[in-house]
Amino acid sequence: MGKIKLSIVVLIILMIISGCQSNRKRTIDLRSELSSTLITLDKALLKLQITDKSDSNFGAIKCVHCNVLHTRAAETVYPFAVAYKITNDKKYLRAAINLGNWLIHRQENNGSWKETPEEWTGTTTDQLLMMTLAYPILKKNLPLDLQKSWIKSIKAAADYLYDVMKPEFASINYVATTSASLAAVYNLLKEEKYLLKAKKLAHRTISKMDEDGFIMGEGGRVLGNKYGVDLGYDMEMSLWVLGYYAKLTKDNLVNKYVKHALQNHIYFIYPDGSLDNSWGIRSNKWTNYGGATSDGIQMLMSLYDDEEPMYAKASLANLIFLRKNMKNGIVGYGILYWDLFNTPPCIYPTFTKAENIAMAYEMEKSGERTVEQMPAEKINWLKEFKTLDLVELRTKNIMATITAYRYKDIKKGYKRKYMYRPDGGSVSNLWVEGHGYLQAGSQTEYYRWEPMSFPEAKGIKCLTPRIELTTDVGYFTNLFEFDGRIEAKRNSDKSYTVTTVGELKDKKWQSVGIGYSYSHLFDDNSVEKTVELRYHDLFDTVRIVEPVIDYPGMEFKLVNENTVEIKSNDRNFEFKILKGNAKIVLGENAGKYWSVYPALQAYPIILVVEPPEKGFLKSIKYKFIIK
């Protein structure tokens with residue numbers, strides 16, 4: 001009897017200890033994680049630096065992919081300088097000084113730098129910020145003549161931006177960045193005009209935020225003014241530089257706006273740390289972890305993780321996801337880049353992420369950060385972003401983004417890169433617990449909008465789920481519907497329904513004569529889609545295309561006329577037609593379903609839908625089931 005009582009007492013003690021341990025908040029050493037990733041990136045970039053002193057481009061960083069010496073790659077001057085602080089290894093010191101000297105010799109007479117191999121000079125603000133931040137670290141190791149040379153270069157670039165930078169000159173992320181670069185220059189040179197201009201630009205930027213904190217100004221111009229929101233440039237550029245400006249200048253108004261915006265932007269970091277910019281107007285360079293030419297989210301998170309601990313978790317989650325896109329320290333364009341391409345990518349993602357991580361490291365003064373859940377890690381919620389006509393939701397095993405974002409470039413229309421983003425009520429991102437992306441969005445039609453950033457990829461097909469048809473007058477799809485009406489609701493059984501109504505259109509926004517309702521029902525273990533077609537002026541065959549992200553080792557099998565079995569190395573799925581007449585075509589042109597941005601490949605499940613024999617309506621219901 002005594003032994004039984006003793007066992008009970010021991011059990012109670014163990015339960016108390018276990019409870020205390022479970023209630024203890026987990027911490028992470030975010031600064032250490034940032035430094036280790038930074039050194040990995042820097043080592044890769046160091047190998048690409050020209051070290052032959054007899055070479056006229058001594059100090060520059062080569063881009064093997066582009067066969068170009070990008071002037072923007074010289075922004076690595078700051079990551080190199082921070083690496084020197086971390087390691088005290090003089091190879092980083094020499095690399096930073098030589099790279100900065102090379103950049104100075106590439107400066108135009110007006111103080112700007114061209115974004116080689118192109119003519120754009122707005123990126124001068126990025127180069128200026130990195131040179132300005134690197135200079136105090138390197139100063140004591142620079143001879144007096146080089147100190148003067150660096151200061152002269154910094155001032156020339158600052159004066160150029162002081163004269164030209166405004167929303168009428170550049171997309172809004174450049175305006176935001178210049179508020180930070182000029183504030184940093186003010187701290188260095190103490191010239192009041194830079195501080196006044198920085199404040200003017202920062203306040204102009206926050207004036208372009210909508211009520212949810214999304215910044216308009218990344219798209220085309222209307223009467224001289226830019227509109228359109230891009231989540232990637234918001235989080236990886238504009239918000240962090242605004243926050244940094246506010247910190248340097250103690251501008252509480254700007255700080256307040258950034259903090260408000262971040263409370264909504266944080267929802268777009270998925271549970272695995274990926275950043276969902278599938279729907280943004282500049283999503284043509286979305287890479288899963290962020291953007292190919294934007295800096296990253298770590299600096300933004302480090303600015304505010306003292307006030308909100310979940311930001312540290314978001315930073316680390318995204319950092320870990322970024323690492324999955326790297327090979328030998330070089331960052332690819334997406335999670336499957338190294339499976340799809342035999343050659344290394346442009347070095348833009350590598351040096352832009354390096355500078356962001358370097359800044360975040362410098363901002364992180366605490367060795368330990370408390371871990372708290374991000375919104376995406378919590379289950380059973382639906383969030384409507386009314387200003388964007390966009391819905392995000394989370395169930396036990398699923399997270400999804402459905403977009404009907406209405407932005408239109410009314411001046412240049414289909415000739416603009418902003419008008420080939422996923423739209424029309426499609427799922428632009430679909431993630432499954434323990435698996436990753438099941439579906440994702442890409443350009444509706446692939447174009448090389450910027451030859452430097454967009455590789456050749458002829459004939460590739462869109463990854464976004466869609467409704468489509470081709471007639472003798474062109475290609476029509478819901479993805480070109482930018483006036484769709486989206487509605488979302490929470491059901492009593494903790495499921496969620498999101499429905500968009502619109503017309504099938506071509507890239508010129510012309511309707512073909514078939515309307516649609518595209519409805520999605522999400523629960524813990526499935527996504528049920530219902531497509532109702534309304535043949536009001538055209539009776540023709542329609543295709544419903546459901547590309548499934550095809551990771552190495554996945555298998556797709558047509559079990560019967562209504563069912564497809566999908567096997568992967570982690571989770572299995574079933575695709576099943578529940579209602580309506582449609583023919584499954586499996587794997588048609590499968591080799592063409594891949595994307596540069598994001599670097600993913602997919603396997604298509606296609607439903608061929610004939611027009612109704614009677615009436616003018618036809619409905620197809622089908623389902624993805626997690627096994």
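**Exercise 1. The nonpolar cores**

Task: State how many residues make up the largest nonpolar core, and which residues have the most contacts inside it.

Solution. In this predicted model, the largest nonpolar core comprises 147 residues, and Leu138, Trp240 and Met301 have the most contacts inside it. Helix α9 (residues 231-249) supplies the largest share of this core, with 11 residues. A second, separate core contains 66 residues, among them Leu438, Ala440, Tyr518 and Tyr535. As a general background, nonpolar side chains tend to be buried together in soluble globular proteins.

The next step takes up Met301. Leaving aside residues up to four places away in sequence, Met301 touches Met235, Leu262, Ile266, Ile269, Tyr311, Ala314 and Ser315.

**Exercise 2. Aromatic pairs**

Task: Classify the aromatic pair formed by Trp279 and Tyr405 from the distance between ring centres and the angle between planes.

Solution. The model has 30 aromatic pairs. For Trp279 and Tyr405, the ring centres are 5.9 Å apart and the planes lie at 85°. Ring centres must lie within 6.5 Å, and an angle over 60 degrees counts as edge-to-face. The pair is therefore edge-to-face.

Next, locate the partners. Trp279 belongs to the loop between α10 (252-265) and α11 (298-304), and Tyr405 to the loop between β9 (398-403) and β10 (426-432), so the pair ties together parts 126 residues apart in sequence. Both Trp279 and Tyr405 are buried.

Solution. The limit for a buried residue is under 20% relative accessible area.

Finally, consider the cluster. Trp279 and Tyr405 belong to one aromatic cluster that also includes Phe214, Tyr267, Phe268, Trp381, Phe385 and Tyr407.

**Exercise 3. Salt bridges**

Solution. Arg72 is buried at 4% relative accessible area, and Glu75 is buried at 1%.

Lys193 is partly exposed at 29%.

Lys417 is in the loop between β9 and β10 and Glu450 in the loop between β11 and β12, so the pair ties together parts 33 residues apart in sequence. Lys417 is buried at 17%, and Glu450 is buried at 14%.

One network, joined by salt bridges that share partners, contains Lys155, Asp159, Glu191 and Lys193.

**Exercise 4. The setting of Ala602**

Task: Determine where Ala602 lies and whether it is buried or exposed.

Solution. Ala602 lies in strand β24 (residues 600-609). Its relative accessibility is 3%, so Ala602 counts as buried. Apart from residues up to four places away in sequence, Ala602 touches Leu463, Pro547, Val548, Ile549, Asp550, Ala590 and Tyr593.

Notes
Residues are numbered from 1 along each chain as its sequence is written. This is a predicted model: local features need pLDDT of at least 70, side-chain atom pairs count only at pLDDT 80 or more; totals for chains, interfaces and linings use all residues. Side-chain values use heavy atoms; hydrogens and water are left out. Helices (H or I, at least four residues) and strands (E, at least two) are DSSP runs, numbered from the N terminus. Buried means under 20% relative accessible area, exposed over 50%, partly exposed in between (1.4 Å probe, protein chains only). Contact means heavy atoms within 4.5 Å. A nonpolar core is a set of buried Ala, Val, Leu, Ile, Met, Phe, Trp, Tyr and Cys residues joined through side-chain atoms within 4.5 Å. Rings of Phe, Tyr and Trp (its six-membered ring) pair if their centres lie within 6.5 Å; planes under 30 degrees apart count as stacked, over 60 as edge-to-face and the rest as tilted. A salt bridge is a side-chain nitrogen of Lys or Arg within 4 Å of a carboxyl oxygen of Asp or Glu.
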